[in-house]
Amino acid sequence: MTLHPGPVDGFWGAVGRTPLIRLKRASEMTGCDIFGKAEFMNPGGSVKDRAALGILGDAVNRGQLVPFQPGTVVEGTAGNTGIGLTLAANARGWRSVVVMPETQSREKIDFLRMIGADLRLIPAKPYSDPGNYVHYSRRVAEELSKEGPTVWANQFDNLANGAEHERTTGPEIWEELDGRIHAFTCSAGTGGTFAGIARALKSRNPAVRTVLADPMGSALYSWVKTGTLKAEGGSVTEGIGQAARVPGNLEGAPIDDAVQIPDDEALREVFELLRDEGLSIGGSAGINVAAAIRVAREMGPGNTVVTILCDSGARYQSKLFNPEFLRSKGLPVPSWLDG
Ligand code: PMP
């Protein structure tokens with residue numbers, strides 16, 4: 001793999017090779033080098049473009065979809081995977097059906113409509129309920145498969161998701177730092193990002209410390225710490241955490257430790273990175289940066305810690321940058337939006 005491949009071919013060619021950005025204040029504060037992989041710079045605007053390519057590329061390899069022949073991809077998603085899948089499908093002449101809980105941000109809903117997804121918004125339900133968006137999307141795929149070639153992306157348990165990060169994101173980080181990395185931390189929705197990168201780094205140097213970052217309201221922290229799934233509290237972040245299960249993509253991942261990050265700690269990073277370093281990131285990236293700072297503090301000065309900047313703040317203007325929303329949740333309001 002080369003970091004400067006020259007011209008690339010369309011959406012599929014433009015995903016990946018994102019910049020690894022040194023986060024100045026986080027690094028100075030801890031005496032470490034803290035880096036964020038700028039996944040918000042993927043053409044669909046998030047880390048999930050990679051999962052979309054991994055899953056659809058695998059479907060093509062298996063003969064389930066053929067480029068520029070009729071085909072449909074169906075997925076249940078918090079939004080970003082649906083965006084990546086829809087754009088990737090557009091570029092191959094397929095149709096995309098996206099099932100999403102109606103609680104997700106306005107911006108992601110509008111964007112999915114804009115890019116031509118067949119969007120099905122449904123009430124948010126726990127995984128144990130048959131109406132949960134994951135089960136719902138599986139049933140939609142089963143129905144549509146009677147009409148023609150259809151793939152249910154199944155990002156949580158489809159291992160082509162994590163494999164793509166093991167093949168691309170992890171090796172990119174390793175190459176960008178010439179192997180000078182001591183720890184990696186990020187949060188998990190499907191776990192594909194965490195598991196794929198953790199595996200890629202550990203296979204090159206087993207001493208790299210891998211720490212799962214978890215929002216409140218998710219049970220993954222207690223699962224790593226105690227082996228049992230227990231969730232407490234809640235979070236305004238989207239796309240991360242699991243209240244009641246360990247997705248197939250996270251199972252078996254090399255996880256050394258976990259940290260749990262409250263929203264106010266994550267949002268402080270979101271707002272300060274924007275104000276002081278010109279970096280616009282979303283809530284899950286805020287959790288990741290806060291986790292990287294905690295890991296760096298715990299390990300001490302001189303270490304290099306890498307995390308993931310999953311998507312951009314623009315995807316959450318109506319929530320994380322809306323003083324009324326923030327106040328209603330008891331969260332801090334950035335000074336330039338207050339008043
Ligand atoms: N952050 C955001 C904003 C996301 O949409 C997602 C995907 N649901 C993640 C983080 C987590 O990525 P993964 O599914 O690879 O664990």
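These legends go with several close-up views of one predicted model.

In this model, local features need pLDDT of at least 70 and side-chain atom pairs count only at pLDDT 80 or more, while totals for chains, interfaces and linings use all residues. Residues are numbered from 1 along each chain, following the sequence as written.

**View 1. The whole chain.** Along its principal axes, the C-alpha trace spans about 60 × 45 × 40 Å. A compact globule of 339 residues would have a radius of gyration near 20 Å, and the chain agrees with its 19 Å. That radius is taken over C-alpha atoms, and the globule rule is 2.2 Å times the number of residues to the power 0.38. Buried residues make up 51% of the 339. "Buried" is a head count: 20 or more other C-beta atoms within 10 Å of the residue's own, against 12 or fewer for "exposed" and anything in between for "partly exposed", with C-beta atoms placed from the backbone.

**View 2. The annotated stretch.** An unreviewed UniProt entry carries the annotation "domain: Tryptophan synthase beta chain-like PALP" for residues 13-311. UniProt positions are given in the numbering used here, feature names are shortened, and annotations may be inferred rather than shown by experiment. Over residues 13-311 the chain is 41% helix and 17% strand, and the end C-alpha atoms sit 19 Å apart.

View 3. The largest nonpolar core has 57 residues, and Ile 34, Phe 194, Ala 291 and Ala 292 have the most contacts inside it. Helix α11 (residues 283-299) gives the most to this core, nine residues. A core here means buried Ala, Val, Leu, Ile, Met, Phe, Trp, Tyr and Cys residues joined through C-beta atoms within 7 Å. Now zoom in on Ala 292: leaving out residues up to four places away in sequence, it touches Ala 26, Ile 34, Thr 185, Val 305 and Thr 307. Touching, or contact, means that two C-beta atoms, placed from the backbone, lie within 7 Å. There is also a second, separate core of 33 residues, with Val 99, Met 100, Ala 141 and Ala 160 among them.

**View 4. Around the ligand.** Of the 20 residues around the ligand, Gly 189, Thr 190, Thr 193, Gly 239 and Ser 284 come nearest. To be near, a residue needs its C-beta atom, placed from the backbone, within 6 Å. Helix α8 (residues 192-204) supplies the largest share of this shell, three residues.

**View 5. A covered helix.** In helix α4 (residues 80-90), ten of the eleven residues are buried. Among them are Asn 80, Ile 83 and Leu 87. The buried residues of α4 pack against α1, α3 (48-61), β3 (72-76), β4 (95-101) and α5 (106-114).

**View 6. Two loop residues with positive phi.** Arg 17 is not a glycine, yet its phi is near 50°. You'll find Arg 17 in the loop between α1 (10-14) and β1 (20-22), and it counts as partly exposed because it has 18 C-beta neighbours inside 10 Å. Asn 154 has a positive phi of about 50° too. Its loop runs between β6 (150-152) and α7 (160-176), and Asn 154 is buried because 21 other C-beta atoms lie within 10 Å.

Note on methods. Helix = DSSP H or I, 4+ residues; strand = E, 2+ residues; numbered from the N terminus.
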